[in-house]
Amino acid sequence: MSFEPKIVAFFCNWCTYTAADLAGVSRLKYAPNVRVIRVMCSGRVDPQFVMDAFAKGADGVLLGGCHPGDCHYAEGNYKTLRRMRMLNRMLKDMGIEDGRFRLEWISGAEGEKVKVTVNDMVAKVRALGPLDMPGKFKEWDKEIEELEAHVNSDAPTEVAHAR
Amino acid sequence: MKYLYFPGCSLKGTGKAYEESLLAVFRALGVELKEIDDWNCCGATAYMSVDEAKSYALAGRNLAIAEREELDVIAPCSACYLGLNKAQKSLQDHPEIRARVTKALAAAGLEYHGKVKVRHPLDVLINDVGLDAIAKRIKSPLKGHKFAPYYGCQIVRPFASFDDQYDPKTMDKLLAAAGAENVTFPLKTRCCGGSLTGTVPEVGLRLAYIILKEAKKRGAEAVVTVCPLCQFNLDGYQDQIARKFEAVDMPVVYFTQVLGLAMGLSADELGLKRSIISADVVLAGR
Amino acid sequence: MADNNANKQQPNGLPRIGFYICHCGSNIAGTIDVADVAKYAAGLPGVVVSRDYKYMCSDPGQEMIAQDIREHKLERLVVAACSPNLHEETFRKAAAKGGLNSFFFQMVNIREHASWVHEDKKAATAKAKDLARAAVYRVRFHKALEKQQVPVDPNVLVVGGGIAGIHAALTLANAGKKVTLVERESTIGGHMAAFDKTFPTLDCAACILTPKMSAVKSHPNITLWTYSEVSKVEGYVGNYKVTVKRKPRYVIEDLCVGCMECIDACVFKEPKFADKFNQGLGKRKPVYIDFPQATPKVVMIDPETCIQFKTGKCKKSCAEACDRKAIDFDQKEEVKELQVGAIILATGFKTFDAKKEPHYGYGKYPGVFTALEIERLVNASGPTSGEVVLRDGKHPKAVGIIHCVGSRDEKTNKWCSRVCCMYSLKLAHLIKEHSGAEVYNFYIDIRAAGKAYEEFYDKLLSEGVHFIRGRVAEVTDWAMTPEEEGKLVLRVEDTLAGFVRRVPVDMVVLATGLEPQADAQEVRRRFNIGCGNEGFFQERHPKLAPVNTFTDGIFIAGACQSPKDIPDTVAQAGAAAAEALVLIDAGHVELEPNTSHVVEEECCGCKSCVPLCPYTAITFDEAKKKAVINEVICKGCGVCAAACPSGSIRQNLFEDEEIFSEIEGVLGK
């Protein structure tokens, strides 16, 4: 069976969530891989939410807000942009590839853009393959445990690198 | 200023006068044109209807060769200009065509990246050289001469990248800078007959006749064109048009010939003696 | 309906959760196996009742929830159905009916976000389960909240004084509300004031409009500010603070009685300047009034053309002529502030710029006119007193009307402008009546959908107006035959006859379409509402909330929302007024309790949050060294909560643990 990515989306209530509703009302069809979490403003999205989603097994995270200048709360989306630029750098350092996290401006009238964005993101994340942070955490934990065990034991101090 | 020059078949054949006048004018303006090395057919006309990908491969080869130098390409023939631009766009928009062309080019050790810009001499003269610079080179303005500026279809349809699609004006501006008067010409972008003059003459000749007749009616002494096929149709079929409709006796010249005259170049070096319908009226007063 | 609920015992600590999934007829159940989802949810921790039902939003559906809450002592409620934008409020009420705090509820959107957008039933069902699980996890953390009530200011602002704004203002004023009507031009009346007759009844536009204009001026409940623009809007539903700029017209409005003696006295003996109201076909002086019934009937001075403004050396005969001393060359812009509870935007439209279709020759051939120009030409009070003449004064013998200029066109505007067919028919009738010319209509389709519209089309057919079905390729002065000499030739493929026609005429009328106002984007930002892709203001719901916007307390009416004719515009204006009345007469609004607050003991006093709030709801208590959020000002975006480094800011309904549990839920197994 081919790999089906799991994507967590945070959509702002006023633009992108409404656009996703519009896509529904217009019966547009798109990939079923995205799970939407509603927030009032994309500015509510703490970078920790994105990290948490990856940590809990998401293969991708999509964040949707109003277009610059169109925020229902005047400027929340600018704050989002600021935070997510920084987050992008951190994700890179953690070995999470470009394309797994995406910030998109989708207005309430752009149902079609929801469809296009979701389909495009699903295709790209599918091509990247599973991220499986929980699995990686387990491996890392194991390595640390082994290391600890080793340090606590009387074994020689020099060891081969684990991987 | 330096450009690559893609002559295409017309400028080496029926449109010889266009090449002569174009090169002379650009030389006089201090703009260097370097002919593309080992160019081939632009891929226009017959190829397109037989196999699109083959046509794009032909265009692609020219573009791939041109890419070796970081220069814009000037394609004076309207069919080449359109054909090369169309190929660029199709290669950009359709990955499957691009894949076929890439493969074909690879066989010849060539690569296409879509880096060069294919431009029309009108675009270069107006936007790079500039009207001011051209005006300074005008030595003997064409006072009292009246022309019908005729653009044909291919440089404005479907891509109108440097001029208005319905009412192009770049050539009007050049002719005005040369001191000539432009008649109001509503048929600027109308069909010259294209290849129908040869294949379905009862249609093609009529189309050519309409343009010549209207230019005459509007008081033009010559039709000024940018396209070798337009020039060929309008100039070369006037005897047949005279037999079928009426004699119009209207010279059809290239804009580069007119511009060159105003810049003080000789009729000979501008190929003005090559016209079938004598263009002597354009020379009047010099 | 499967029974998933036989005597479930609740493990310690978890609140008792009821889960409900809606079939929505076949809208959801057609794609999602709802019984399977209900069965799955029954097994989730905390869920003691799990049911699927045909229509959860129906009375029996809601009653079932209320009864279950009482019977099963439910402490939390999850409903998987449509978008919360549609029915969140319904189920909150159902919860309250059962005695549960409304906010112990979470809604799951499995219709707009799943069944309607996916075709693969298995995948859609799996998605519904994930979303259901997320809500079940999340709802545990919900807190009991109360909606805050704030009073509503009973005054209303109406922006735009066309027929929509006029009708809305009068409706509200007649209901006893105080209304301020702000219009950017010097008179109210809008486009309708420029029309001669209205379709399909051909009643005179002025005869039906001017009484309403006067009623606005004289109504004790209406304050009319023309030549004014809204520059700033602050506040929230029920409590908007609006700043209005009143541009100087150099005439004191209260003193001018509209006698127009100043116009006669102007040093320009003859009108010399293009008259905007007459589409430039007439002339006016620097001191002028748009038209005799302009409201308010107050003259104005155009500083661009007035000699006093240009040179400072006019003998000011206009000021001398005014015995009321109403002319004031030193008048300055005034800035006014207003408090209102509701705002109605009726800012109208602009017509398509015909020069963008150069092949129709507007601006190139003098015989080509726009429809608005013809409206003025056929108007008895227009620049030619109703005589249909060309720019050189000659009478046209043949007139061609081109439909859909800037409408139904991939290259310009894709939409149908809805009024052009009908106004073209009207103009065809009027041109024929006024000039006796042959009139040709070139159309794609005749769209005569409206009461008595098709009948009007029938009438035109019998009047001998010609109809040619085809999109005109070009208007040219290129003559092919002697008969075409000196004429404008319309080249068109007659798609009914199946050949190309050349129709020579003397006058061409371009039926230009309707577009959003040039500044629609700026205006919508000022009022914090949305625009659709084409640039018209976005309604809250295309069918069920056509005059509401996504910003509570701001309503839209007329052609600013989409092209519409006068009957539809007036209907919408009435609807917008009624919506505003509903808001005002309720006396108060309930605000979503999704505001943020600071947990004082956790706040470290770093002040990171203070500059983030666009509403300045956050202040810093210097004595306590703690941030404080004013929950009345807070609009609930949550930007501060996301930024707080100590995690001491909590946003109600969107607390960190609620969102984290939702993330865990959508990703869980």
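## Polar contacts between chains C and B

In this predicted model, 5 residue pairs, both members at pLDDT 80 or more, are in polar contact between chain C and chain B (N or O atoms within 3.5 Å; within protein, one must be able to donate a hydrogen and the other to accept it, and residues adjacent in sequence count only if both atoms are side-chain atoms). On chain C, the side touching chain B is made up of 6 charged, 5 nonpolar and 2 polar residues.

There are also 3 salt bridges between the two chains (a side-chain nitrogen of Lys or Arg within 4 Å of a carboxyl oxygen of Asp or Glu). One of them joins Arg218(B) to Asp477(C), at 2.8 Å from N to O.

## Extent of the interface

Here 13 residues of chain C meet 11 of chain B, with contact meaning heavy atoms within 4.5 Å. About 1,000 Å² is buried between them, 49% of it from carbon and sulfur atoms (accessible area, 1.4 Å probe, lost on putting the two parts together, summed over both).

## A parallel sheet in chain C

Now to chain C itself, where 5 strands form an open sheet with parallel pairing, in the order 10-7-6-18-29 (strands are DSSP E runs of at least two residues, numbered from the N terminus; pairing takes at least two DSSP bridges). Strand 10 (222-225) and strand 29 (554-556) are at the edges with a single partner strand each, so one side of each has no neighbour in the sheet.

Strand 6 (residues 156-159) and strand 7 (residues 179-182) of chain C are joined in parallel by 4 bridges, and Val156(C) lies opposite Val179(C).

## How the model was read

The model is predicted, so local features need pLDDT of at least 70 and side-chain atom pairs 80 or more, while totals for chains, interfaces and linings use all residues. Residues are numbered from 1 along each chain as written, chains are lettered from A and ligands numbered from 1 in written order, and side-chain values use heavy atoms, without hydrogens and water.

Definitions and conventions. Ala, Val, Leu, Ile, Met, Phe, Trp, Tyr, Cys and Pro count as nonpolar, Asp, Glu, Lys and Arg as charged, and the others, Gly among them, as polar.
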